[in-house]
Amino acid sequence: MPVKRVLIADSDRHLLGELEAALRTAPGEWDLVCALSSRDALDQISRGTFNAIVLGAEAPGPEGLDLLAEVAARQPGAVRFLLSEQSDVQWLVRASETVHQHLVKPLKAREIFARLARTLG
């Protein structure tokens, strides 16, 4: 089975640590790359291809939507998840043009991992 390459970009260091620990339970199946900022995420995307990209969106606004559009343009084959506390329906509708799934915070790393596993097979 090929290794699934996943980029997770979120400012929550605790969540990133939990995800790294969860993915270690399936060695050889996952290659997790973590980024703490949008800039770091774009740098990682320019270096390689990912099967899935999970982007944390702290607040709505053009920067978040622009980032989602940029990620979709650079990695059109990647499954894109939006991880947010956002509940503004209009913002979510606009975001849905560039993401495949929306994950609502708060949630545990194992829940994100389970969604990735189901989606990527």
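Helices (H or I, at least four residues) and strands (E, at least two) are DSSP runs, numbered from the N terminus. The model is predicted, so local features need pLDDT of at least 70 and side-chain atom pairs count only at pLDDT 80 or more, while totals for chains, interfaces and linings use all residues. Residues are numbered from 1 along each chain as its sequence is written, and side-chain values use heavy atoms, with hydrogens and water left out.

**Exercise 1.** Describe how α1 and α5 cross, and which residues meet.

Solution. Begin with the axes, which are lines fitted to C-alpha atoms over the stretch in contact, with angles running from 0 to 180 degrees between N-to-C directions. Those of α1 (residues 13–23) and α5 (residues 109–120) come within 8 Å and cross at roughly 55 degrees. The two helices are therefore oblique to each other, a class left over once angles under 35 degrees (roughly parallel), over 145 (roughly antiparallel) and 65 to 115 (roughly perpendicular) are set aside.

Next, take the contact (heavy atoms within 4.5 Å): Leu15, Glu18, Leu19, Ala22 and Leu23 in α1 meet Ala109, Ile112 and Phe113 in α5. Finally, the crossing of α1 and α5 is right-handed, meaning that the near helix is turned clockwise from the far one by less than a right angle.
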